[in-house]
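Trainee: Could you take me through one part of this model closely, the place where the chains meet? I'd like to see what packs behind it too.

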Amino acid sequence: MAKTAKMRATDARQLSFYELLDEELEKQQGKLMKLPIDPNDVGGELLAILSKGLYTNPLDCIREYVQNAVDARASNVTIKITGNSVIIFDDGNGMNLEELLQARQFGLSFKSLTENVGFRGIGIYSGFDLCRRLRITTTKADDPYLHVLVFDFAAMKAELEDDKRDKQSKGKTSLIKLLSEHTYIKRESSEFPVDRHFTQVELQDISDTHIKQLSNRAELRLYLLQNLPIDFADDFEHKKVLSEKLYSHVPGYSAIKIMLQSDGLEDEIVAKDAIQNLQFPSFDYIRTSSGQPVAYYWACLNKDRGRIQSPSKYNTFNEYPGYAGFVYKVKGFTIGGRHKLQEMFQRKPQLYPWYTGEVYVIDANVIPNTERDDFETNQAKRALELAVRDTLKHLEDEAEIFQARGVADERIEKYQEEVTKIENQVVSNTQANEYDTYSRLDAILIDLQRQKPKASQDNRSTAEDIISRAKRLQKQLRKEVDTPTPEATRRRRAVRNEKLLDRAPVPVIEQPPSLPAKTLPGVLKDASWELEGQIALLVKLIQESIEDVLTLGSPTYRNLLNDIEAKVTANNADE
Amino acid sequence: MCAYADTPNKAMIRRCWDLPILERWHTGIGKPLAYFGLPGPEIHDLLDWRQLLGVRTGIESPGHTKKEREQANETTGRLNANIMLNGLSSRFQLLRADIEDVILNLVDIHGNPPQMNDGRPAHLAHFTYDVVNLDFDGGLGYRVKQGLAKRVDSIKKLFERQEGHSFILFLTINVRDTLGEEVENYLQGLQTRDRGPGWHETLDWYLNRTKGEREYKLKATVPSFIHAISEARVFQCTSLPPIAYTGYERAHMLHFAFELEAITINGRRANLRGFSPQDDRHLLDLPLLRCENGQLQLASVQHPGFDFTNCEANFSFLPETIRTTILAPPTVVQSRRRRNER
């Protein structure tokens, strides 16, 4: 009976609204009119649609609450998983009653685009699909009270389900009614010192499937490292300089320490891992053609001239957060992955993983999309991408120079040893063949002339020295050949008979590949091998390992890939 | 005031009685104690004993009726907030279930087991907690709808779960319970034994306590019961004097403490049974303490033949000041009552 009365009331309202509108349209015929909307016209289902649509991964929900903590200037966040609850506790500014009421608003945000990360005003509802109940406890410094805000999501969901089952009432529960009837607030006196400030978000009674995923420590750690503004580990070599630069150049930059606590597991502080053998970082603004700064970057090259290696503490490849390459950050939150910027290394893509770095977007007009995998398409985004492309191109050049310098330095060191050896042989007249030695010195001289300009400053003078020594040796050898002494002839003959001289190979000068180099996944794909899951990862890993050892497109690399391709083709034919 | 509010008496017992017991135990094993119990939303025990505890598993009932469930949700939120705010979250686990169910079935309503379990199947799993605090609001005879005395069963199961691992058991119960005549039957059962001169008279005295003096009957029954079941699980049990006190909303409560040593032979767990240093006579002769107005003292009424002068040995572990307060002579009611009874 009550339902019928309710329906009648709704009909009456609609009729009245309809009549009014009809009347007004009649009066204003031919003119465009503003069409008012009733609060009851916004259905409660909107909450479910947004929550389920935007936060498909339960870990995204954790990100949303940590994001609020970052916006509240927290420096320490604890994520505790106990039983079927997740608690996110931060030492940020906390909220007083007014701010808490603002936080519960739906789709309204008072946060600044330049200073804060969140700005859509729905993050607080991200736990809707995940848990049955959300409890927020908070206090601000100097606030004598604690405030507790509770969302009974289970009751909201039950009401929406009822609406769906009851066909006659189709979506009758409005968003306002849904939120009003199942949101609670209470005030408590705080027993803590008045300067205590914090916010605690507790997601209670999370479904078994979701809590299982959240309880996976490795997965959670990986997600946090890949997505949140995690601080550098204390043993990160360049932590101090990078932190100083980022805090002073990136507005709203904040790095947090996250403590993970789970039942039956040791506590763990999540921090950006220290990576061995990094060069001193380069950092600067990234500017548009008009000189407007749109981003700030830092980049470190691997001193070992190879892919940035994973810290040994990770047990499996899947646990490793992957620090090789660059990533976009907005106030420390990751947008997209490290693969996103890889295409900007066009000439030498193999040099991309030699870097680790981050690009902090500071142009407030570049807005991350809700999934945080890209930016919203607009002019600012395009300008950013162009500016980043230029900067990364420059970094690619730097990496190339670094690579060439490394090769040159290595060669100069090697030649130094070799020339010293030849000098000893010449002095003691123990070289087997003057012609071979002379030719070898020739090759060394040619290569040294090439490597000298690429070498580091110290090694350039060394190269000069080697060049003059090699020339002197050649002169001496020529003299020996023109007017040999009997004693020298006798000794050389003896040596020639006893053993062959070690012949250092003439350095191979690598030619750039005329065609794009084959890759292992490409070869296997061409052979119609289906690579999925961990096998695909393994193949990728093998490819990366090959690239660490061999230069992409070098003759040895090509031979290896051709060999693999031949074997794969033969195997296919056998089958 | 809420249902889980602390009282001065309860605080006194935690700090001046339980804490010294735990300190002695902690010194003995030389590592932080693993806790399993009912901390309540205000986590008074966890706060008072924080220096001694390591791993902690707290249990909070999810409630059975809609109203209870709503209350329980709030209680859990408050408990978690207190845990986080007091910096106690590390190695703290909260399970949601009746504690009896966690002990009996190993898991809470979400299927999560206590963290200090050996990973074996539910019917075999053992716990390795060092302190178990069963701080019940209700009585020992709490039964489920089917009539099973779940609380008693879970206490029996607790010794099975803890078998091989020494621990302290704190047991707090309401004097009002649904055990009915079972307590009297138990005491009558004890009467069939002969434990020397005055044994039967003393038991008679306990059996004749009036309805308002039920704490005496329980004081005589519970330690004996705990000894019996713990010895069957190869523990050597030491009962400390029980304390009667007035709890929240003037509830008559009784607090017990037991030290349970798992018996080993040459480093290996014994299998037959444990023999406690206290026999039936010792247990019956234990003094009853009272905690009123935040003061811990010997109860003014003790059983006939109680030796006030020699009971000091029961309190040797306590600091001097507390011991002196406890042993301050109570108003001697015992002799007059005794005369009347005769």
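Mentor: Chain A gives 20 residues to the contact and chain B gives 18, where contact means C-beta atoms, placed from the backbone, within 7 Å. This is a predicted model, with pLDDT of at least 70 needed for local features and 80 or more for side-chain atom pairs, while totals for chains, interfaces and linings use all residues. Residues count from 1 along each chain as its sequence is written, and chains are lettered from A and ligands numbered from 1 in the order written.

On the side of chain A that touches chain B, strands S1 (76-82), S2 (85-90), S3 (131-139) and S6 (198-206) each supply at least two residues (strands are DSSP E runs of at least two residues, helices H or I runs of at least four, numbered from the N terminus). That side of chain A has 10 polar, seven charged and three nonpolar residues (nonpolar: Ala, Val, Leu, Ile, Met, Phe, Trp, Tyr, Cys, Pro; charged: Asp, Glu, Lys, Arg; polar: the others, Gly among them).

Now for chain B itself. Its helices H6 (residues 182-191) and H8 (residues 214-232) pack with axes 10 Å apart, at an angle of about 70° (axes are lines fitted to C-alpha atoms over the stretch in contact; angles run from 0 to 180 degrees between N-to-C directions). H6(B) and H8(B) are therefore roughly perpendicular, a label for 65 to 115 degrees. From H6(B), Val183(B), Tyr186(B), Leu187(B) and Leu190(B) meet H8(B) residues including Leu218(B), Ala220(B) and Phe225(B). Seven nonpolar, two polar and one charged residue make up this contact of H6(B) with H8(B).

Technical notes. Parallel < 35°, antiparallel > 145°, perpendicular 65-115°, else oblique. Contact = placed C-beta atoms within 7 Å.
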